[in-house]
Amino acid sequence: MVNFPKELKTFCNGKCQKHTKWKVTQYKKGKDSLFAQGKRRYDRKQAGFGGQTKPVFHKKAKVTKKITLKMKCEKCSALRMKNLGRCKHFELGAEKKKKGPTIHGR
């Protein structure tokens, strides 16, 4: 399980040129455009009779998705992406696990 803070202090390459606070959010893909060339071509090919014209992908190999973070400088609003790679469980700003004394036996 990966736990990442919602705010962190790191260097800003934008206008600031010093260490500032950055707000962290998880990157999400935007809505697909209806006017992209591939989508227009696909819709044109699908129109009319004849059923499905292109292959539909079924052989999913991966279990996880790569986690990407979007970081925004609080002073100059500069944006930066940070790739964390693959993980099954991801949390943003959850409490850190405390390391307490372990009790062995009875």
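## Burial and exposed surface

Of the 106 residues in the protein chain of this predicted model, 13% count as buried, where buried means under 20% relative accessible area, exposed means over 50%, and partly exposed lies in between (1.4 Å probe, protein chains only). The protein chain exposes about 9900 Å², and carbon and sulfur atoms supply 54% of that area; accessible areas come from the Shrake-Rupley method with a 1.4 Å probe, and for residues only the protein chains shown count as cover.

Because the model is predicted, local features need pLDDT of at least 70 and side-chain atom pairs count only at pLDDT 80 or more, whereas totals for chains, interfaces and linings use all residues. Residues are numbered from 1 along each chain as its sequence is written, and side-chain values use heavy atoms, with hydrogens and water left out.

## Overall form and secondary structure

The protein chain has a radius of gyration of 22 Å, while a compact globule of 106 residues would have one near 13 Å; the radius is taken over C-alpha atoms, and the globule rule is 2.2 Å times the number of residues to the power 0.38. Taken along the principal axes, the box filled by the C-alpha atoms of the protein chain is roughly 70 × 55 × 15 Å.

One helix and six strands are found in the protein chain, and along the sequence they follow the pattern β-β-β-α-β-β-β. Helices (H or I, at least four residues) and strands (E, at least two) are DSSP runs, numbered from the N terminus. Of the contacts in the protein chain with a separation of 6 or more, 52% are between residues 24 or more positions apart, a contact meaning heavy atoms within 4.5 Å.

## Charges and salt bridges

The protein chain carries 32 positive and 6 negative side chains, and the centres of the two sets lie 7 Å apart. Lys and Arg count as positive and Asp and Glu as negative, with His and the chain ends not counted, and each charge is placed at NZ of Lys, CZ of Arg, CG of Asp or CD of Glu. Side chains of opposite charge can pair when their charged atoms come close.

A search of the whole structure finds three salt bridges, each defined as a side-chain nitrogen of Lys or Arg within 4 Å of a carboxyl oxygen of Asp or Glu. One of them joins Lys 21 to Glu 7, with the closest N and O atoms 3.9 Å apart; this pair links distant parts of the chain, since Lys 21 lies in strand 3 (residues 19-26) and Glu 7 in strand 2 (residues 7-11), 14 residues apart. Lys 21 is partly exposed at 47% relative accessibility, as is Glu 7 at 39%.

Asp 43 and Lys 39 form a salt bridge at 3.1 Å, N to O, and because they are four residues apart in helix 1 (residues 37-46), about one helical turn separates them. Both are partly exposed, Asp 43 at 35% relative accessibility and Lys 39 at 31%. A salt bridge also joins Asp 32 and Lys 29 at 2.9 Å, N to O, and both of these residues are exposed.

Thr 20, in strand 3, counts as buried at 2% relative accessibility. Apart from neighbours within four places in sequence, Thr 20 is in contact with Leu 8, Lys 9, Thr 10, Cys 12, Cys 73 and Lys 75.

Gln 17 has a positive phi of about 55° although it is not a glycine; Gln 17 belongs to the loop between strand 2 and strand 3 and is partly exposed at 48% relative accessibility. Ser 77, also not a glycine, has a positive phi of about 60°. Ser 77 is found in the loop between strand 4 (66-73) and strand 5 (79-86), and its relative accessible area of 42% makes it partly exposed.
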